[in-house]
Amino acid sequence: TSIPSRKSSNQIKTVMTFTFIGQGALSISSKVSKIGTHAYIGARSLITHDIPAYSVVAGSPAKIIRKMQ
């Protein structure tokens with residue numbers, strides 16, 4: 001199940017369930033269209049690409065730190 005968001009050229013199109021997003025995280029790229037299931041995004045991360053399922057990302061720009069199983 002996914003949660004659709006507003007259709008804006010600057011916003012993420014789909015955030016899957018069980019996704020945890022830290023305070024202050026933001027996306028500035030129109031390339032970002034999906035954040036996968038069970039993804040963890042660190043606080044104040046700058047998201048510039050799609051986030052795969054079961055991954056932990058953080059930083060500015062956000063990078064994959066770990067893949068969970």
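Setting aside residues up to four places away in sequence, Thr19 touches Ile35, Gly36, Thr37, His38 and Ala39. Keep in mind that this is a predicted model.

**Exercise 1. Work out where Thr19 sits and whether it is buried or exposed.**

Step 1: find the element. Thr19 lies in the loop that runs between strand S2 (14-16) and strand S3 (20-21).

Step 2: check the accessibility. The relative accessible area of Thr19 is 18%. The cut-off for buried is under 20%, so Thr19 counts as buried.

Step 3: At 3.1 Å, the Thr19 side chain reaches the backbone oxygen of Gly36.

**Exercise 2. Now take Gly36: which loop holds it, and what does it touch beyond its sequence neighbours?**

Step 1: Gly36 belongs to the loop between strand S5 (34-35) and S6.

Step 2: classify it. Gly36 has 4% relative accessibility, and therefore it counts as buried.

Step 3: list the contacts. Once neighbours within four places in sequence are left out, Gly36 is in contact with Met16, Thr19, Ile51, Pro52 and Ala53.

**Exercise 3. Trace how S8 pairs with S6 and with S9, giving the sense of each pairing.**

Step 1: start with S6. Strand S6 (residues 40-41) and strand S8 (residues 55-59) are parallel and share 2 bridges. For Ile41, the bridge partner in S8 is Val57.

Step 2: move on to S9. Strand S9 (residues 62-67) runs antiparallel to S8, and 5 bridges join the two. Here Val56 stands opposite Arg66 in S9.

Step 3: look at the connection. S8 and S9 make a hairpin, with 2 residues between them.

**Exercise 4. Zoom out and summarise the protein chain: how many helices and strands does it have, and what percentage of its residues count as buried?**

Step 1: count the elements. The protein chain has 0 helices and 9 strands, so from the N terminus on the order reads β-β-β-β-β-β-β-β-β.

Step 2: get the burial. Of its 69 residues, 25% count as buried.

Step 3: finish with contact range. Among contacts with a separation of 6 or more in the protein chain, 2% come from residues 24 or more positions apart.

Definitions and conventions: Residues are numbered from 1 along each chain as its sequence is written. This is a predicted model: local features need pLDDT of at least 70, side-chain atom pairs count only at pLDDT 80 or more; totals for chains, interfaces and linings use all residues. Side-chain values use heavy atoms; hydrogens and water are left out. Two strands pair if DSSP finds at least two bridges between them. Helices (H or I, at least four residues) and strands (E, at least two) are DSSP runs, numbered from the N terminus. Buried means under 20% relative accessible area, exposed over 50%, partly exposed in between (1.4 Å probe, protein chains only). Contact means heavy atoms within 4.5 Å. A polar contact is a pair of N or O atoms within 3.5 Å; within protein, one must be able to donate a hydrogen and the other to accept it, and residues adjacent in sequence count only if both atoms are side-chain atoms.
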